[in-house]
Amino acid sequence: MPDLSRSELAAYAACAVLVALLGWRALRSDGGPGLATAAASSGGSAATSSAPASSPDGESSAVTVGAATGGSATVHVVGEVQRPGVYRLRLGLRVQDAIKRAGGAKADADLEAINLAAKLTDAQQVVVPEKAARVAASAGAAGGADATAGASGAAGVGTTPGPPINLNSATAEQLDTLDGVGPATAQKILEYRAQHGGFGSVEDLANVSGIGPKRLEALRARVVV
């Protein structure tokens, strides 16, 4: 190995010190941000883990479950059944299921006057009419027509209305004889009766499209349930 002069050794030593300083500064500059980034990442993870985890549906998921568990309908079964009363049945069942729950229909029940296949709704009243009511309504409609024909032959004498018509058993032709009720309104009355299992009261006519308060008052004395 060749001998180095003192000046050359000093120069080499200075270069070594300079290289060491540069390497130390480079390591320090790289380590600082890296540590800061790691600390921030660690803090963010901690913050994320400390936050309460929420389900994808959140609160609405709990509401949906509650609604699914309450799948029942409370209905009032009245008329020609063995045990009239209030019953709770599963949603999706039909009017015929409510009648069975009430002990079944009586011998004089007119099941053709109601829609047995209609789905039950909560707070619905299922009215099972009597066969005699439909017969009386038919006779009343015929009697009313005869009375109208007889009255029309007398001068100054108005028409005499027949017996009230039962909303739960009347046909479209019988409903059409009522003042202010044409074929279209009569059909709407039949559709409402089928969808709701019958009329619980005369006031339910107000729920039929085309029958306002004035027409309801005019029909009140001509119809029954």
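**Salt bridges and a buried arginine**

Modeller: Glu217 and Arg220 form a salt bridge, with 2.9 Å between the closest N and O atoms. This is a predicted model, in which local features need pLDDT of at least 70, side-chain atom pairs count only at pLDDT 80 or more, and totals for chains, interfaces and linings use all residues. Residues are numbered from 1 along each chain as its sequence is written, and side-chain values use heavy atoms, with hydrogens and water left out.

Colleague: What makes Glu203 and Arg220 a salt bridge?

Modeller: The term requires a side-chain nitrogen of Lys or Arg within 4 Å of a carboxyl oxygen of Asp or Glu. Glu203 and Arg220 have N to O at 2.4 Å, so the pair meets the rule. Glu203 lies in the loop between helix 6 and helix 7 (213–219), and Arg220 in the loop between helix 7 and strand 5 (223–224), 17 residues apart. Glu203, Glu217 and Arg220 are linked in a network of salt bridges.

Colleague: Why is Glu203 called partly exposed?

Modeller: Buried means under 20% relative accessible area, exposed over 50%, and partly exposed in between (1.4 Å probe, protein chains only). Glu203 is at 41%, so it counts as partly exposed. Arg220 has 30% and is therefore partly exposed.

Colleague: How do you know that Arg193 has no salt bridge?

Modeller: The nearest side chain of opposite charge, Asp110, is 8.2 Å away, and the rule needs a partner inside its cut-off. Leaving aside neighbours within four places in sequence, its contacts (heavy atoms within 4.5 Å) include Ala113, Leu167 and Phe199.

Terms used: Lys and Arg count as positive and Asp and Glu as negative; His and the chain ends are not counted. Helices (H or I, at least four residues) and strands (E, at least two) are DSSP runs, numbered from the N terminus.
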